[in-house]
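Visitor: I would like a close look at a single part of this structure. Please start with the sheet, then move on to its surroundings.

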Amino acid sequence: MKNRQFREATSLVLAALTLLSGCAPTQPFYYQEDGDLSHYMDVATAIEYPDVNAPPLDEVQTTQAPLTLANAQNFQMWDLTLEEVTRITLENSQVIRQLGGRINDGGQNISTTTPETLTLQGANAATTYDPALTESGYGGNTGSQFSGTGVEAALSEFDAQLDSSILWQNNDRPQNFGLANTAISDFFNPRFRQDIGRYTTGITKASATGSTFEFRNNINYDLNNNGSRTQPSDWFVNFEAAVTQPLLQGAGTQYNRIAGPRSFQEATGGFADQIDGVIIARLRTDIALTDFETGVRNLMRDVEEAYWELYFSYRDLEARKIGQASALETWSSVHARLRVGSAGGEASAEAQARAQYFAFRSSVETALTNLFRVENRLRYLMGLNASDGRLIRPADEPTTAPVYFDWSTVHAEALARQAELRRQRWTVKRRELELVAAKNQLLPRLDAVGRYRWLGAGDDLIDDERNGIPPFGTGSTAFESLTSGDFQEWEMGLQFAMPLGMRRGMTTVRHHQLLLARERQVLSDMELEVSHQMADAIRDVDLNYGVAQTNFNRRNAAEDEVEAVQAIYEVGRVTLDQVLDAQRRRAEAESAFYRSLIDYNRAIMRLHFRKGSLLEYNGVYLAEGPWPGKAYFDAMRRARQRDASWSVDYGFTRPRVISRGPVTQAPGTSQGLPPGAAAPTPFGQPAPAPPEAVPSELEQPAAVEGEPIPLPGEPLGSAPQGSNIVPVAHWEAEPREISLPANPFPRIEANPATALSPPSDSATPLDRPNPFSLPQQLPPVTFPAAQPLQAPPAN
């Protein structure tokens, strides 16, 4: 009774403890636990930093603070020609850089682009390694666009393969024989014991015609307790030669170089038919080279766009500085009249002149920042750091000579040379070859096979002397039996396989027919697109040259207007509005002229870009880099070895012509045509003469007294060797001089009396000769130190 009560009480206590402790799990107890749980992680994944030793470029580590309005004096001018910019760019272009966004409006939006193509799409960046990566593809999948089979990997399918194996085996097993206790128990041993050795070595070689050659040596050793054997152990040795030749499917040099060799087992085993032979691999390399050429061409286009945009930024800044200086002078004059209370010094006029001045100063600050941005974009394309204490200034002047291109010549050249069309033609050629290989799959697989074998057997494998003992006699050797020639075997026959219905073969052919039809149609429409692009390029060249001449007259007219209105305003015959409007129109005309002049030079560049001669136009040539000296030595040895060998005539199975030869990179192909000259087209057909260089009467405006109508002048002289520009005539006008203060736009000034500084003796007058005849040096960019705002003086 007491035990029962004790058990009940114990059960109640344990139940109460269980309820109090709950169902929470507890950690087990471990001996020798020191409490160091630094290896424990409570998360499965975390953002970590890779251990990669990739030091940044020196241009990144030595970058200084960028140029802004706050530190606009911290630089030195760095004059660079377009040729020097091109050279520096190519030296620093292991990765072909591009400006982020699309350059449109003739390159006018370069300052608003952002260099972010590599950070957003670094895996798709074009580099100098791309052709070599495609060439060295090994057939595996690396997760990049360079996965695939390169030329060397495709050629390795025809390499001789050496294989060898040696195996030893021991067998010890019971046998179900009922004669174990009889007189013939030795013949039927209930426990079979055996030692086996197998050795084989062979060489297999696939040929360009699809044949497979094999030579092999087999050695077999057998030791067992079978009582029916003459000797308990024996050796078998043989040498055999075999050949397999496809007769229908897989036969011929053309197929095997397109798709690669396939054995009978691969053809009948349901393996996927990968058309990736030597020729296809070579076409992939040619396409990679074309893509690389396209990347370099696009880089040269962006560099020249940025170079001329930087030139315009300097000229635009100077035009705005001239407008600011004029506005400052006008504000000072009106403010002086306001202080003395003379006519023309009304408060509204002073406020209007002051607003004009600050509007011009705002445009100057915007233009300067835009200049810094464009210069930074050019630096990025050149592979330089963002800022190094120097400010690049173009040293080349844009051409003002008219350039004429014969339509039939440049149109035919574009269709023959543009890289995109050449790439598409390589794609069409690849589809044609793939269709040839696909049609071969419609044939049944029929292989002729043959094998010849020399063999021998003996108690031992080999001995140094021949003893004449027949096989399996005591002391006989397998190699002596082999060399005696008494035992020879051969086999020959045919292997045949064909899928009933040819469903996969018919689908494969149809698929490749559609691929070929698609690529051919794409090529035709690409040629149509290129034709339209060339028409626009020719039209833009003529348009921008005419607009440049018109804006030149507009600039001269605006300058005359400012002088005339200013003189009339001094005598009080016009209002201040007309003076301010004239000054604004002069600044706009100055900027518009240089914009049209830069657009004209861009139009010439873009025409070369469209017709595929931009690299020659910029003096850039693409060639393979040098190989090690040992490579040239080995190549010469192989060439001499091939010259001394017998040539194999592959007959009708020889592949057809794949390539027409290297692309010619000649400097003469990018020439514009001078008047009266005729140049042959790429196909050898003479082109008609271009139009006359002198504008017709319809193109020249009627003369108005006092208006500077340009007249044809003397030729500029012969063009430099290799230049694309053919100077024909220039335009003349009277030079003009405008004296500017040493600092035409103070940083911050509210009082025109203190803001306007008289012209200094060191100030260089701004000559305005006709830019169609003489080059002009770009003005320097200087800013004084910032000054605090000052309140206007009290009246």
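In what order do the 6 strands of the open sheet stand, and is the pairing parallel or antiparallel?

Guide: Bear in mind that this is a predicted model. The open sheet runs β2-β3-β4-β5-β7-β8. Its pairing is antiparallel. Look at the edges next. β2 (161-174) and β8 (488-497) stand there, each with a single partner strand, so one side of each has no neighbour in the sheet. On average, neighbouring strands are turned by 15° against each other, direction ignored.

Strand β4 covers residues 212-224, and strand β5 covers residues 233-246. The two run antiparallel and are joined by 12 bridges. Here tyrosine 221 stands opposite tryptophan 235 in β5.

Next, the nonpolar packing. The largest nonpolar core has 69 residues. Leu378, Met382 and Ile392 have the most contacts inside it. Helix α9 (residues 278-340) gives the most to this core, with 13 residues. Follow isoleucine 392. Leaving aside residues up to four places away in sequence, Ile392 touches Trp78, Leu80, Leu310, Tyr314, Glu375, Leu378, Arg379, Met382 and Leu384. Another core, of 15 residues, lies apart from the largest one. Among its residues are Leu328, Tyr357, Val565 and Leu576.

Finish with helix α15, residues 576-611. From first C-alpha to last, α15 reaches 52 Å, close to the 52 Å expected at 1.5 Å a residue. Of its 36 residues, 28 are buried, so α15 is largely enclosed by the rest of the structure. Glycine 612 follows α15, with a positive phi near 85°.

Technical notes
Residues numbered from 1 in each chain as written. Predicted model: local features only at pLDDT ≥ 70, side-chain atom pairs only at ≥ 80, totals over all residues. Heavy atoms only, no water. Core = buried A, V, L, I, M, F, W, Y, C linked by side-chain atoms within 4.5 Å. Buried < 20%, exposed > 50% of the residue type's maximum accessible area, 1.4 Å probe, protein only. Helix = DSSP H or I, 4+ residues; strand = E, 2+ residues; numbered from the N terminus. Contact = heavy atoms within 4.5 Å. Pairing = 2+ DSSP bridges. Axes fitted to C-alpha atoms, helices over the stretch in contact; angles between N-to-C directions. Expected span 1.5 Å × (residues − 1).
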